[in-house]
Amino acid sequence: MRNITKIASFLFTFLVPAIVLAAPAGAAETSGSERSIYGFAMAIAIGLAALGGGLGQGRAVAAALEGICRNPNSAGKVLVPMLLGLAFIESLVIFALIIAFTLGGYVAPTIGG
């Protein structure tokens with residue numbers, strides 16, 4: 001039963017954005033039901049990014065604190081790389097937020113001006 005839940009959640013997570021992106025090519029206007037699908041895909045995207053970022057940050061801080069507890073003299077050497085790693089993880093979550101809003105049409109992608 002547990003494997004079925006994992007497979008279903010995996011398929012649901014990766015098929016919902018595919019359904020959203022399968023809009024007709026010439027459709028300039030979107031109906032209310034299409035907008036709700038976009039909103040749902042945005043929620044899934046940012047939810048997964050926040051979940052992964054939170055888990056990664058939790059593991060990074062736990063490992064750093066464990067290292068400091070084992071050797072308190074290494075606190076200065078561990079702090080800066082840990083903060084840098086947390087910043088990189090958070091930047092990926094912010095990038096996922098930007099992609100989610102771009103998918104929903106709230107941010108116009110402008111490249112090169």
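E66 and R70 both sit in helix 2 (residues 32–70), four residues apart, or about one turn of the helix. Helices here are DSSP runs of H or I with at least four residues, strands are runs of E with at least two, and both are numbered from the N terminus. This is a predicted model, in which local features need pLDDT of at least 70, side-chain atom pairs count only at pLDDT 80 or more, and totals for chains, interfaces and linings use all residues. Residues are numbered from 1 along each chain as its sequence is written, and side-chain values use heavy atoms, leaving out hydrogens and water.

E66 and R70 form a salt bridge. That term means a side-chain nitrogen of Lys or Arg within 4 Å of a carboxyl oxygen of Asp or Glu. The closest N and O atoms of E66 and R70 are 3.1 Å apart. The count by this rule is one salt bridge. E66 is partly exposed, at 44% relative accessible area. R70 is exposed, at 68%. Buried means under 20%, exposed over 50%, and partly exposed in between (1.4 Å probe, protein chains only).

Now the whole chain. The protein has three helices and zero strands. Along the sequence the pattern reads α-α-α. Buried residues are 15% of the 113 in the protein. Among contacts (heavy atoms within 4.5 Å) with a separation of 6 or more, 68% join residues 24 or more positions apart.

UniProt, in an unreviewed entry, lists residues 37–57 and 78–108 as "transmembrane region". Such annotations may be inferred rather than shown by experiment; their positions follow the numbering used here, and feature names are shortened. Residues 37–57 are 100% helix and 0% strand, with end C-alpha atoms 30 Å apart.
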